[in-house]
Amino acid sequence: MASGVDSFEVEKNQHPIKLVKCDSMKMVRQKIQIKKIDNLTARQVTFSKRRKGVFKKAQELSTLCDAEIALIVFSATGKLFHYSSSSMMQLIERHRGQSENSDKLGQPSLQSLKENNSHAMLSKMLVDKTRELRQLNGEELQGLDMDELIKLERMVDGGFNHVVETKNDKFLKEISLLKKKESKSMEENAKLKKQAEQSEGAGNGIEQSNSSDCTTNSHGSDTFLRLGCVLHMDKNDYYGGESSSLNLLQLWKRFRGDEQPPEKLGASREYNVDMIPKFMMANGTLVRVLIHANVTKYLNFKAVDGSFVYNKGKIYKVPATDVEALKSPLMGLFEKRRARKFFIFVQDFEENDPKSHEGMDLNKITGKELIAKYELEEDTIDFIGHALALHNDDSYLDQPALDFVKRMKLYAESLARFQSGSPYIYPLYGLGELPQAFARLSAVYGGTYMLNKPQCKVEFDGDGKAIGVTSEGETAKCVKVVCDPSYLHDKVQKVGKVARAICIMSHPIPDTKDSHSVQVILPQKQLGRKSDMYLFCCSYAHNVAPKGKYIAFVSAEAETDNPEVELKPGVDLLGPVEEIFYETYDRFVPSNNSDADHCFISTSYDATTHFESTVTDVLAMYSKITGKVLDLSVDLSSASAAAEE
């Protein structure tokens, strides 16, 4: 693994979190000298941590001693933070009155009068600026008249326009840089093509130049190839295929044709509705892939608020540690103790440390045999297997227990990573950002993208090997084709069907602690099904909808031909829904021999609301295409999470 530091940003609550990949596992606590910190990033991290400590101590002092406390902090950038044990305004007025009374006891000096006037002026400015800030955020608008509202609107529009202009300028500069790199890569590719034609002859020169076996770029990731080696053709007019994010107009066009969305839903551009909604495990394989590929520089993430499980008609938070097990209402007193012992075993388990195995070989005993040792009840097994280990049916109980334990450890480690309410993270502006980020990085290394290419047809030679792709009368020659099942119907077989409901709401999912982003798993036994049902919800907090709007999904492996009836148990848990769309799609797996026909076909997306099953298929495809195993030895265990202002 190369030396240095790799990082990507994640937001936790309203503040970003920076992940740093370190080379060393050694963690040393150093004494900090009390002086101004010159490094801006370190200063922001220290400010955030110590501010939280000061606020916590203030809250404890107020609780322990019944003291009334008001605390106001302005950061170096002018951002306001404040805490008060009661009303901030009442405490400020009380402080002002106390100061005035104290001054009256003695002979007031000219200096004290100036200080009092200055304090009163600053207090008034603080109140005015705080009110102005809230009004800019759309709060406390009831007392404004029409002229004040128009003035406020102009201020907001001016700020928004400035942000858009700045963003566009940065986009143009980046595009200009990419064009320069593209021009340079084209020159290099022309030289490679000429060399290939000279060595192999004009007959197969084009195919050779489009081969996926081309020389890799020595200055970048080994997963991206030179221009001419990778051509991406998409029948859609947007990136991502089925894993794209649609705005409101695109969503209506897909499900309701020429009908227009209601104006009450807000601006179309503020929506980013995922067609395949999935969260990412914070310590999962996909995060490793993103760090390895260095694509995270184009992405911003934010922690997901909650992870819940459905049990006996109610929604509960998923307990993932021994401490949470003791607090969970999912279990009785004695069951909590048994579950706590099991969680401690999982947390302490290390595959390379036989002492942590408690005399068991997890490659030989099944999940059912492991659980039997701890005498756990059926309901406990249900939420552990489905909401923690993320199995979508009970087949894991008859398989070796090692994978089951590893999945539980991954959940607990991911949960502890950002100390939020769930182990998941999710990109701002939706999952459509993932394919767009990969497209941008691919372009840097010479990849070519062609959108809106209808009727892409794979061409084969007499031996049945792929030799090119034809669209609109033009054929791009190649030696390998990578595609989803929709492009090669005769080389895949159907293995199931997914039913999904897409809902637009004005509230979070009930009983999820008002979480703006959340996953709820409904285990199969709770619904009398053969597989689990999933609820997925995101909101304006992740920039996928206008303020006050929530996008919720209900998905399951279809067991009937009536998605409205089949998904009703999940939809009923959402509460009032403003708009709802139903869809079903078939799931396929490849049935071809990729070594013989040089066609590499992905499996269809399943009904789960996480990426753990999907990324396994992606890595398997990479190994088939390149003949290599992708090295994902990213040192996540030594990565530190630091909150920034």
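Me: Which helix is Leu122 found in?
Reply: Bear in mind that this is a predicted model. Leu122 is exposed, with a relative accessible area of 52%. As for its place in the chain, Leu122 sits in helix H3, residues 110-136.

Me: Which residues touch the most other members of the largest nonpolar core?
Reply: That core has 84 residues, and helix H12 (residues 401-418) gives the most to it, with eight. Leaving out residues up to four places away in sequence, Leu362 touches Phe345, Phe349, Leu370, Pro400, Ala401, Leu402 and Val405. The residues that touch the most other members are Leu362 and Leu370.

Me: How many disulfides does a search of the whole structure find?
Reply: Start with Cys538, which is buried at 1% relative accessibility. Cys599 is in no disulfide either, with the nearest cysteine sulfur, that of Cys483, 6.4 Å away. Across the whole structure, the search comes up with zero.

Me: Arg338 and Glu335 meet in a salt bridge, but how are they separated in helix H9?
Reply: Their side chains come together at 2.8 Å, N to O. Arg338 is partly exposed at 25% relative accessibility, whereas Glu335 is buried at 2%. The two are three residues apart in helix H9 (residues 333-348), which means a separation of about one helical turn.

Me: Are Arg587 and Glu557 buried or exposed?
Reply: These two side chains form a salt bridge at 3.0 Å, N to O. Arg587 lies in strand E22 (residues 579-590) and Glu557 in strand E21 (residues 550-557), so the pair ties together parts that are 30 residues apart in sequence. As for their accessibility, both Arg587 and Glu557 are buried.

Me: Which helix holds both Asp572 and Lys568?
Reply: Here's another salt bridge, with the side chains of Asp572 and Lys568 meeting at 2.8 Å, N to O. Asp572 is partly exposed, with a relative accessible area of 49%, and Lys568 is partly exposed at 44%. They are four residues apart, so about one helical turn separates them, and the helix is H16, residues 568-572.

Me: How many salt bridges does the count come to?
Reply: The pairs above, including Arg338 with Glu335, are part of that count. Some bridges share partners, joining Glu242, Arg254, Arg500 and Glu583 into one network. The count comes to 28.

Methods:
Residues numbered from 1 in each chain as written. Predicted model: local features only at pLDDT ≥ 70, side-chain atom pairs only at ≥ 80, totals over all residues. Heavy atoms only, no water. Buried < 20%, exposed > 50% of the residue type's maximum accessible area, 1.4 Å probe, protein only. Core = buried A, V, L, I, M, F, W, Y, C linked by side-chain atoms within 4.5 Å. Contact = heavy atoms within 4.5 Å. Disulfide = S-S within 2.5 Å. Salt bridge = Lys/Arg side-chain N within 4 Å of Asp/Glu carboxyl O.
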